[in-house]
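Here are some notes to read alongside the model. Please keep the sequence and the structure open while going through the points.

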Amino acid sequence: MLAYIVRRLLYAVPILIGVNLLTFLLFFVVNTPDDMARMHLGMKHVTPEAIEQWKADRGYDKPLLYNAQETGMGRLTETIFFEKSVRLFAFQFGRSDAGRDIGHDIAQRMWPSLAIAVPILVFGLLANITVALLLVFFRATYVDAIGVVVLVALMSISALFYIIAGQYVIGKLLHLVPISGYDGGWQALKFIVLPVAVAVLYGIGSGSRWYRTLFLEEAGKDYVRTARAKGLGERVVLLRHILKNALIPILTGVVVLLPLLFMGSLVLESFFGIPGLGSYTIDAIRAQDFAIVRSMVFLGSVLYIIGLLLTDISYTLVDPRVRLS
Amino acid sequence: MPETLTYLATLKPVLLRTDALVFLLVIAIGGFVFYVRRHVHLREPWQRVFARRSGMAAAVVLSAFVAVGLLDSVHFREPLEQRGNDGEVFYSVEVLSLLDLALRPLKERSEKTYSAPFATHLYAKETLELPDGSKVRDYPRLLYGGAHLGDPEHERWPDILQRSSQGLINGTVAWLIFALLWVGLLAHHGSRPYGWMLRQVVAGRTALPWRTMLVTAGMIFLAVAWAMELAPHYHIFGTDKVGQDVFYQTLKSVRTALVIGTLTTLVMLPFALVLGIMAGYFRGWVDDGIQYLYTTLNSIPGVLLIASAVLMLQVYIDTHPELFETAAERADLRLLFLCIILGVTSWTTLCRLLRGEAMKLQGVEYVQAAVAFGVRDRRIMSRHILPNVMHIVLITVVLDFSGLVLAEAILSYVGVGVDPSMHSWGNMINSARLEMAREPMVWWSLLAAFVFMFVLVLAANLLADAVRDAFDPRLRRGR
Amino acid sequence: MPRAGVNLLLGLLLLVAGCDDRPWNNPYPAAEDGQNILYASFRERPKHLDPARSYSSNEYQFIGQIYEPPLQYHYLKRPYTLVPLTAEALPEPRFFDAEGREVSGDDPALAYSVYEIRIRPGIRYQPHPAFARGADGRFLYHDLGPEDLEDLYTLADFPETGSRELVAADYVYQIKRLAHPRLFSPILGIMSDYIVGLKAFARRLDQADRELRAAGGHYLDLTRYHLEGVEVVDRYTYRIKVHGRYPQLRYWLAMPFFAPMPPEADRFYSQPGMAEKNITLDWYPVGTGPFMLTVNDPNRRMVLERNPNFHGERYPAEGEPGDAEAGLLEDAGRPLPFIDKAVYSLEKEDIPYWNKFLQGYYDTSGITSDSFDQAIRVGGEGEVTLTEAMQAKGIRLQTAVNTSIFYLGFNMLDPVVGGYGERQRKLRQAISIALDYEEYISIFANGRGIPAQGPIPPGIFGHVPGKKGINPYVYDWRDGRAVRKSTAEARRLLAEAGYADGVDQETGRPLVLYFDVTAMGPDDKARLEWYRKQFQKLDIQLIVRSTDYNRFQDKIRNGNAQIFIWGWNADYPDPENFLFLLYGPNGKVRHHGENAANYANPEFDRLFETMKTMDNGPVRQAIIDEMVDIVRRDAPWIWGFHPKGFALYHGWYYNAKPNLMANNTLKYRRIDPHLRKLRRAEWNRPILWPLGVAAGVLILLLVPAWFSYLRRIRRPGLTAAGEG
């Protein structure tokens with residue numbers, strides 16, 4: 001088992017290197033450090049000297065890949081590539097183009113992201129499974145038929161509509177929750193209710209439909225027929241047999257998402273003013289703060305790979321037939 | 001009619017990059033349909049698709065959207081009235097499409113600012129100078145919306161009702177003609193008497209649900225006829241901040257959505273096919289390399305990759321202004337690039353599925369036999385493996401469509417979507433967000449975008465369901 | 001289907017709301033209820049809070065309350081008047097010739113002006129760890145190693161604080177910081193032209209800093225370097241010596257650039273490891289002002305709290321006519337500041353901000369064009385009042401024409417629209433007429449703005465109102481108001497320029513112009529469409545070249561732009577601050593200045609040089625009139641408009657008067673927290689019945705399902721698993 005994990009981890013290294021190279025190419029070809037400097041120094045009275053100095057301050061004044069002026073290892077390490085990209089492997093995110101410590105920001109902003117992502121996952125899962133079970137229970141009746149149509153309709157509505165409508169009705173008309181914002185501790189509750197509810201509602205369409213297919217497939221299997229033949233009640237068959245067995249693909253499907261919860265939701269967070277990593281990323285994109293975007297790309301890739309690894313492991317845990325190879 | 005033709009002859013056609021691809025796609029689909037009709041084993045699952053009533057209805061609705069999109073894909077520039085000294089003709093920098101020509105009244109009849117659907121007055125008060133020189137603050141009359149009415153307060157609703165019923169009558173007549181012709185076609189095709197065929201269709205006893213098709217088409221006929229009757233006299237979806245007709249914008253957005261939904265798959269398809277099949281067929285280091293490639297791409301969060309790439313494109317466009325003669329070309333390139341980059345982020349799923357399938361097929365006896373006979377790899381892949389994975393491709397393409405249309409809106413919100421000057425539902429929703437905060441609220445842009453988007457995505461989803469069930473009831477896609 | 005969602009919502013809401021009558025949607029902690037706290041917001045993180053670097057209004061809203069330059073603007077008086085803040089009195093310049101002999105102000109031999117500023121004794125800094133001393137009198141936190149910094153993340157993590165008296169040397173230290181090689185003060189360039197020896201000083205510091213860094217040092221001790229033009233006279237007095245005459249210096253002395261900076265703080269923040277934790281001067285200001293920044297969490301909120309060491313100041317006792325009637329003098333003579341705390345929450349978008357303002361969670365608000373109709377009613381004569389809904393809430397409105405200008409510039413280096421020939425000038429004039437800024441203001445700003453007649457906005461010396469002040473190339477004076485000339489007139493000018501009907505008569509090609517913009521948002525689309533329509537009036541084809549902000553700056557700097565829009569906001573109330581935007585030696589392309597149009601007219605430049613050092617008076621006005629007439633004729637800009645600021649205040653908010661120059665106005669504000677609490681409760685009663693209705697409908701839907709369920713339960717295993 002341990003050897004397997006180690007092997008998977010080693011496999012992750014070249015992928016991260018690939019991601020790193022790709023982002024490096026993208027970001028240093030797109031905007032020259034000069035452009036970034038000018039934007040961050042503001043509009044009034046910007047001199048070329050200030051731009052040079054800005055670059056020097058942030059280490060953008062070095063050559064991209066090879067520094068001929070240095071000696072020894074310095075030729076490779078005193079470069080933008082080494083300073084800005086290679087250091088990411090040690091999770092040294094450095095400072096944003098606006099001068100903030102990115103690592104510190106990420107550590108702080110992670111929690112609000114989790115505060116909405118985790119409830120969305122849990123309640124979403126509960127809601128989706130409940131709805132899907134109901135539909136399966138009523139399969140081949142009008143409830144099922146109408147239900148499926150409603151689900152397709154729900155998933156045909158853009159997420160933006162859900163958010164706009166939710167904010168308008170619940171926040172503005174009914175005064176039930178603050179329209180946007182965030183606070184620490186238990187105070188956070190009133191801020192996350194609406195985003196969570198909106199996200200769960202949005203997810204029901206596609207989620208329940210998918211689970212319904214899973215359940216139906218399970219319901220068609222032999223052991224279920226056997227169970228029914230034994231005279232077990234429909235409820236028992238559903239909960240004991242179908243749900244139990246279908247949960248395996250559902251839960252392993254969830255595992256891959258777990259690490260990415262840290263990344264937060266871009267749109268949800270920025271609409272509701274939640275200071276998580278999602279809105280952090282959006283702000284960085286809009287302000288063209290490439291140091292942050294670069295860090296987030298790397299972080300996202302790392303988390304994704306961890307997710308894959310966790311999925312593999314959880315498969316082997318729930319299904320011993322899958323060999324660790 | 002001859003006047004129309006001579007007018008069309010003066011235009012200077014413009015082939016935008018996406019237009020070319022759209023027509024390529026149309027030709028490809030045409031060829032595909034032709035091919036499928038010749039082969040029974042291919043035709044059969046398609047018949048299952050259309051045998052489903054929801055599938056048939058969805059297909060009809062989609063074809064209406066496609067018709068709008070295609071009309072909007074024939075671009076040209078109009079000649080300017082002014083001539084050069086030597087009679088040389090110059091063309092306007094504005095690129096128009098056939099849809100623009102058809103909707104010219106809508107396009108050009110812009111008001112000053114917001115007006116509600118079917119309104120005769122602006123939505124905001126203005127200082128008006130009365131004939132006697134005094135000034136009042138009131139809602140001014142619209143320049144075009146309901147301008148034919150003498151006394152809007154009393155005449156408006158009767159007028160709308162009258163025009164609506166006229167439109168519905170026109171629609172019904174057109175539909176009846178269409179329906180009867182269609183039944184005739186069916187009767188001719190099946191060598192059956194006309195009356196018998198008509199009864200079958202009305203009773204819904206035909207193999208394909210023609211009754212459903214005709215009912216859906218009927219609704220579209222009615223809607224179109226109604227809009228044709230009313231839109232020239234009113235802004236049926238109101239106007240936006242600068243007074244542009246929202247109905248026009250909504251229709252223009254159809255093409256954007258369709259292009260994103262279809263071209264994305266078109267541009268990613270070759271990569272996914274070639275790499276997926278190669279990985280599954282050759283295995284070994286080829287497989288490792290391709291797996292590495294898609295895992296790497298897959299592990300970068302999609303939005304970030306898209307954002308970075310779109311920003312990069314913007315730089316390219318800005319540093320090479322000489323390459324783009326018109327604003328439309330620039331917006332178009334951005335659209336195409338968005339498709340490409342969306343393709344790059346989404347091809348991995350298909351590639352993985354294809355790899356698995358190809359791997360399975362590679363072990364099948366007849367492929368093994370071909371290998372033993374020394375058939376060349378390229379031939380095996382194209383002759384034996386490719387045709388047998390096409391159903392996966394088809395299902396993925398159809399399933400992805402609606403997701404991509406929805407993604408466009410999100411990306412436009414993030415600021416890395418289509419060009420801000422391009423009509424798209426994403427851009428409409430984005431500006432509608434601000435309008436929602438107005439009091440009184442401006443709701444019509446949002447509603448218009450919502451209705452059209454909902455209908456399109458719903459139809460696409462229903463068709464996708466039908467296709468999936470018909471081609472492979474067991475195939476499940478991971479999320 | 002949304003059952004789970006609604007249940008969850010109800011359950012959580014009940015949990016959150018508890019039982020008290022506090023509004024459910026109150027975004028602030030319950031502990032803050034009823035306290036003397038002002039609520040405001042910030043849209044994005046202020047980039048610089050260091051007074052040597054900060055140069056934008058969203059930064060000044062914080063540091064203006066913390067740092068105290070020697071002078072300030074009188075809060076109520078108009079025209080804007082300078083009064084002492086920490087200084088004893090307004091400094092009067094003395095003039096010297098090159099040999100150092102004192103001369104009169106109009107002496108042609110005049111070479112230097114010297115301003116001597118005497119500050120009041122007894123002013124103390126806010127409590128700050130940089131001043132903290134141990135029992136032995138040594139600074140506690142000036143020699144920290146990496147291990148000391150390990151558990152410190154914010155300034156509040158330092159347990160000990162100290163303070164000390166403000167001295168003249170602190171002001172001198174700050175002026176030296178303007179030349180600090182690592183700070184890039186935005187005004188170093190300008191100040192080097194005036195303050196004697198500053199340019200050489202900056203070079204010397206640069207050299208010293210290189211050596212210091214090469215030796216591994218961090219703190220560049222500015223006290224060890226002498227700046228010729230600035231000297232400490234005694235503990236409370238310092239002198240600034242400038243080349244020639246520079247009356248505008250007094251305005252600069254009211255800006256945070258000239259606020260005091262204790263060297264202890266600079267040394268404290270320069271320690272290695274501090275910057276990595278964001279503990280810098282850009283992040284944690286240290287001042288003598290009425291407030292100090294106690295919480296700085298750019299992800300959520302920034303909090304200003306009353307400075308316990310504040311030297312005290314009293315509310316002004318006199319204002320301009322009408323102030324007393326407006327209730328602005330009720331607090332006259334009372335000690336400032338009135339509020340205990342100001343909480344600034346991060347609010348990136350207009351919509352939530354506006355809604356929260358209406359719910360009473362922000363005390364003031366501007367008006368976006370989207371909320372305009374809801375808030376403002378415009379009368380027949382264009383006079384503005386609040387709508388009844390707003391009045392019912394007790395909201396009050398204040399308006400003021402901003403001392404800024406939004407203009408459309410032509411790049412004068414461009415071969416088509418630029419240049420000084422008759423042809424190009426007529427083309428520009430034609431376009432100036434065609435661009436109907438009255439319509440622009442009414443569509444995009446709801447009429448909140450006045451079309452500009454020239455570069456100088458109202459409220460600044462040199463602006464001429466009424467008939468004499470109109471731009472005769474664009475407007476006619478009719479019926480007591482300025483009326484834009486007709487499109488026909490514009491077309492005539494265009495024809496004279498050789499572009500009849502938008503066609504170049506020489507080549508026969510249609511005239512195509514390029515409009516360079518930075519457009520990203522959806523709202524911009526509408527604007528661009530509007531511009532296109534305006535050019536269409538003259539049959540000119542306008543191609544919009546939209547790029548991101550970086551590229552746009554690049555184009556402007558390299559002179560590749562053709563037509564662009566730009567804005568300028570006054571630094572100080574002097575016409576020089578606007579006319580220098582057209583001064584030739586200030587050109588963007590050749591001199592990296594602020595003259596984005598690259599306009600250069602020798603006559604204008606000559607007049608500018610005379611005008612800039614003059615005192616306000618009829619002679620100056622005459623020269624300004626002449627200058628304005630030159631640029632109106634040349635039309636390097638289409639003058640665009642001066643935006644009008646509309647601000648709304650809740651009924652519990654007092655002493656609000658727009659002051660476009662002062663940035664330390666927080667201390668004058670007073671609020672009534674009790675009234676606010678009542679109003680908030682009244683405006684935000686949760687409305688629950690729609691949720692009840694929704695739940696009821698859901699239950700009705702579920703009833704048949706329940707019966708169906710029971711039926712199924714009773715028939716086990718009869719139905720086969722369908723495909724659905």
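1. Burial in chain A. Of the 325 residues in chain A, 58% are buried, where buried means under 20% relative accessible area, exposed over 50%, and partly exposed in between, with a 1.4 Å probe and protein chains only. The model is predicted, so local features need pLDDT of at least 70 and side-chain atom pairs count only at pLDDT 80 or more, while totals for chains, interfaces and linings use all residues, and side-chain values use heavy atoms, with hydrogens and water left out. Residues are numbered from 1 along each chain as its sequence is written, and chains are lettered from A and ligands numbered from 1 in the order in which they are written.

2. Architecture of chain A. The secondary structure of this chain comes to 14 helices and zero strands, with helices (H or I, at least four residues) and strands (E, at least two) taken as DSSP runs numbered from the N terminus. Residues 24 or more positions apart account for 70% of the chain A contacts with a separation of 6 or more, a contact being heavy atoms within 4.5 Å. The accessible surface of chain A comes to about 13000 Å², and 68% of that surface belongs to carbon and sulfur atoms; such areas come from the Shrake-Rupley method with a 1.4 Å probe, and for residues only the protein chains shown count as cover.

3. A:Ala127 is found in helix α6, residues 102-137, and counts as buried because its relative accessibility is 2%. Although A:Ala127 and A:Gly207 are 80 residues apart in sequence, their C-alpha atoms are 9.1 Å apart in space. On the surface, A:Leu2, A:Val6, A:Leu10, A:Val13, A:Ile17, A:Leu21 and A:Phe89 form a nonpolar patch with about 630 Å² of accessible area together. Patches are made of residues with over 30% relative accessible area and no salt bridge, like charges being joined within 9 Å and nonpolar side chains (Val, Leu, Ile, Met, Phe, Trp, Tyr) within 5 Å.

4. Charge on chain B. A positive surface patch is formed by B:Arg376, B:Arg378, B:Arg379 and B:Arg383; Lys and Arg count as positive and Asp and Glu as negative, whereas His and the chain ends are not counted, and the place of a charge is taken as NZ of Lys, CZ of Arg, CG of Asp or CD of Glu. B:Arg376 lies in the loop between α14 (365-372) and α15 (377-414) and counts as exposed, at 66% relative accessibility.

5. Side chains of opposite charge can pair when their charged atoms come close. B:Glu357 forms a salt bridge with B:Lys360, the closest N and O atoms being 3.4 Å apart; the term means a side-chain nitrogen of Lys or Arg within 4 Å of a carboxyl oxygen of Asp or Glu. The two residues are separated by about one helical turn because they are three residues apart in helix α13 (residues 327-362) of chain B. B:Glu357 is buried, with a relative accessible area of 19%, whereas B:Lys360 counts as exposed at 58%. By the same rule the count over all chains comes to 65 salt bridges.

6. Salt bridges in chain C. C:Glu264 forms a salt bridge with C:Arg164, with the closest N and O atoms 2.5 Å apart. This pair links distant parts of the chain, 100 residues apart, with C:Glu264 in helix α8 (residues 263-269) and C:Arg164 in the loop between α3 and α4 (168-177); both C:Glu264 and C:Arg164 are buried. C:Lys657 forms a salt bridge with C:Asp323, where the closest N and O atoms are 2.9 Å apart, and both C:Lys657 and C:Asp323 are buried.

7. Other points on chain C. A negative surface patch is formed by C:Asp143, C:Glu147, C:Asp148, C:Glu150, C:Asp151 and C:Asp157. C:Asp148 lies in helix α3, residues 146-149, and counts as partly exposed at 38% relative accessibility.
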